[in-house]
Structure formats: C-alpha cells, structure tokens
Amino acid sequence: MTPIDLRSDTVTRPDDEMRRAMASAEVGDDVLDHDPTMAALEERVAALLGVEAALWVPSGSMGNLIALYLHLQRGDRFLAPLGAHVLDAELGTAAWLAGGMPHALHSLTPEAVVAAGGGESPYYGLRTTLLCLENTHNAAGGTVTTADGHAALVAAARSIGLAVHLDGARLWNASVALGVELRELTAGVDTVQVCLSKALGAPVGSVVAGSSSFVVEARRVRKMLGGGVRQGGVLAAAGLVALDRIPRLAQDHANASALAAGLRSIGWDVPEPATNIVLASVPDLDKALLSLREIGVLASPMSGKVRFVTHGDVSQADITEVLRRVGERA
Ligand SMILES: *Cc1c(COP(=O)(O)O)cnc(C)c1O
C-alpha cells in the first residue's frame with residue numbers, strides 16, 4: 001500500500017521540468033555579485049507582490065526573522081494572531097534573535113489591534129511597534145484574509161504607528177482562493193515573506209520583500225545568519241518554475257474541499273476548508289494519526305486537530321483513495 005502524504009505541502013518533490021531548469025540555470029556568485037537567476041527571481045517576485053525589491057532566502061523562517069530583526073528594537077512588543085507561525089513554529093527566534101516581546105491576538109480585528117497596541121502607557125510600559133499578519137493562516141486551517149480585511153488591519157496598525165510585516169508563506173493560496181492579485185493582499189505592508197517551497201513545489205526557498213532600502217539591510221542580515229549562498233541560481237531556477245504554477249493551486253483547493261466533504265459524509269467533524277488545509281476534530285489525536293498511518297494516510301497534528309494538506313504531488317485520484325481507505329476502516 002503506497003502511503004499518501006498529506007502531512008504538509010512542503011513534501012512535494014521537484015519534477016523533471018524543475019530539475020531541468022535547475023540543471024541549466026545561469027549562475028554567478030551571489031555573495032560577491034548578484035547571481036543572475038537569483039536577480040531574475042527576486043525582480044519577478046517583487047513585481048508580483050507590488051513592492052520595490054525582494055531577496056531570496058533559504059527558508060520562510062529566515063525571511064520572517066530578517067524582517068522582524070529589522071523592524072524591532074530589543075524589548076519592543078509585536079502583535080500577531082494566536083497560533084501564528086512566528087509565535088509558535090520558529091523556535092522563539094522573534095524574541096531570541098530579533099529581540100521582540102510577542103503578544104498574541106485572540107481575535108484578529110482592527111479593534112483588537114488598536115486595543116492591544118494603542119493608547120498611552122506609563123514610562124515602564126512596553127512599546128508596541130509591529131503588527132505581524134499571516135495569510136493564509138496555517139494553524140487556523142489555511143484561512144484567508146480578504147483584501148478588504150487586510151486593508152482594515154493595515155489601516156488600524158497605521159493609525160497607532162505600527163509597522164506591518166506579512167507572513168505570506170501561502171499568500172499564493174489566498175490570492176487564488178479569492179481570485180485577487182497578490183498585490184491587493186500586500187497593500188500597505190512594510191515587508192512580506194512568501195514561500196516557494198510549499199505548494200508551489202520548489203525544493204528550497206522563500207523570498208522576503210519590501211522597500212529597496214529594506215532589502216539592502218536584509219541582505220546584510222541574511223549573510224549574518226549564514227543565509228548568503230553562492231551559485232544560488234540553481235535554487236532560484238526552481239523558484240521561477242514554481243511561480244508559473246500559482247494557478248495550479250486551485251486544484252489543491254478543490255482536492256481539499258473534496259476531502260473534507262468525503263470525510264464529513266462518513267461522520268467526521270470537518271469544516272469546509274478555505275484553501276489547501278483540512279483540519280479535522282477527533283476525540284483522540286494520537287490515536288487518530290496512528291490509525292491513519294496504518295492505512296497509509298499520512299497527516300500531522302495541528303492546533304489539537306488532524307491536519308491534512310493537499311499539494312501538487314497528490315492527485316484527485318489520491319483523494320478518492322484516501323476516502324476509500326478511511327471509509328473501509330470506519
Ligand atoms: C512554512 C511556513 C513558514 C516558513 O517555514 P520554513 O519551513 O522555514 O520555510 C512561515 N510561515 C508559515 C505560516 C508557514 O506555514
């Protein structure tokens with residue numbers, strides 16, 4: 001029985017087209033000069049996101065860390081939605097390395113942003129300087145912030161003088177699900193991070209983007225963190241192929257929806273997914289994951305639930321097969 005891997009959209013393997021692009025990439029030394037393929041990727045992503053400049057980084061965590069490092073002074077408080085990747089899944093580097101004091105927002109509304117970050121505080125109070133958004137929101141089940149919702153949050157942050165960073169690891173999914181341009185979902189932010197190695201299928205790489213002056217500083221911090229690479233064009237070439245695949249994400253969303261509907265029809269407690277992440281509530285998480293593993297369905301724990309993530313290496317037929325296996329077990 002071949003396992004069907006729905007643990008994450010990071011499990012995709014580069015296909016032949018991507019490997020050919022990597023093999024034939026034009027390269028240079030990106031630390032000494034600027035690798036031409038890296039430069040092409042960065043320009044293309046900056047244009048897509050509607051910002052001045054962009055910088056390739058080896059991981060999304062490094063992209064977020066670079067942005068937070070440059071936004072925050074030691075001891076500054078930053079706001080982020082409960083369960084945000086920067087709060088829970090980056091080893092506390094927002095505090096440990098970027099010096100920030102995290103504050104989780106239990107409900108992400110403009111009012112909550114102003115209530116948490118605005119107003120006078122005594123001299124010994126914290127200074128709040130940054131709002132960190134996440135679209136789609138991974139731990140909430142790949143949920144989407146609309147362009148209007150995004151604009152209202154940015155306006156609230158601005159009204160109390162906060163900078164805004166957007167963790168857009170899956171911003172592509174939000175853009176496809178809403179049918180809006182990426183730039184509408186980045187409007188007004190200072191910095192944004194996007195992942196090429198999730199459902200777009202690149203083996204490695206994210207991009208952190210913002211103003212030209214931000215990227216000049218970001219390049220220094222990337223080097224400081226050990227993220228300067230030499231002939232990075234081999235990796236950037238995969239990223240360029242990945243960008244051609246944004247429209248394909250609609251299929252992942254359809255597959256996630258079909259999976260959720262199928263699970264519901266056999267009695268599972270599963271809300272309709274907004275994008276490619278399906279969260280199922282189960283009475284016993286460990287037992288549920290183990291039992292799925294026994295029938296060759298790999299899922300992961302997230303927010304106390306079973307998380308299934310659809311991606312390019314999982315077909316419609318695989319989803320049908322998952323439902324057959326789970327149905328037989330039930
Ligand atoms: C995956 C992910 C990242 C970055 O992860 P890396 O594994 O470091 O590339 C950041 N934010 C969110 C929401 C993610 O899902």
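Modeller: Quick ground rule before we start: a polar contact is a pair of N or O atoms within 3.5 Å. And keep in mind that this is a predicted model.

Biologist: Fine. How far is the polar side-chain atom of K198 from an oxygen atom of the ligand?

Modeller: K198 is among the residues that come nearest to the ligand. Its polar side-chain atom pairs with a ligand oxygen inside the 3.5 Å cut-off. That distance is 2.9 Å.

Biologist: And which residue puts a polar backbone atom 2.8 Å from an oxygen atom of the ligand?

Modeller: There are 14 residues around the ligand, and the nearest are G60, S61, D167, R170 and K198. The backbone one belongs to G60.

Biologist: Over to the open sheet: which strands stand at the edges?

Modeller: Three strands make up this open sheet, ordered β9-β12-β11 with antiparallel pairing. Two of them have a single partner strand each, so one side of each lacks a neighbour in the sheet. Those are β9 (277-280) and β11 (300-302).

Biologist: Which residue in β12 is the bridge partner of A280?

Modeller: β9 and β12 (residues 305-309) run antiparallel and are joined by four bridges. In β12, A280 finds its partner in V306.

Biologist: Last one: why is the pair of Y123 and Y124 called edge-to-face?

Modeller: This is one of two aromatic pairs in the structure. The ring centres of Y123 and Y124 are 5.2 Å apart, within the 6.5 Å limit for a pair. Planes over 60 degrees apart count as edge-to-face, so what settles it for Y123 and Y124 is their plane angle of 80°.

Notes. Residues are numbered from 1 along each chain as its sequence is written. This is a predicted model: local features need pLDDT of at least 70, side-chain atom pairs count only at pLDDT 80 or more; totals for chains, interfaces and linings use all residues. Side-chain values use heavy atoms; hydrogens and water are left out. Rings of Phe, Tyr and Trp (its six-membered ring) pair if their centres lie within 6.5 Å; planes under 30 degrees apart count as stacked, over 60 as edge-to-face and the rest as tilted. Two strands pair if DSSP finds at least two bridges between them. Helices (H or I, at least four residues) and strands (E, at least two) are DSSP runs, numbered from the N terminus. A residue is near a molecule or strand if one of its heavy atoms lies within 4 Å of it. A polar contact is a pair of N or O atoms within 3.5 Å; within protein, one must be able to donate a hydrogen and the other to accept it, and residues adjacent in sequence count only if both atoms are side-chain atoms.
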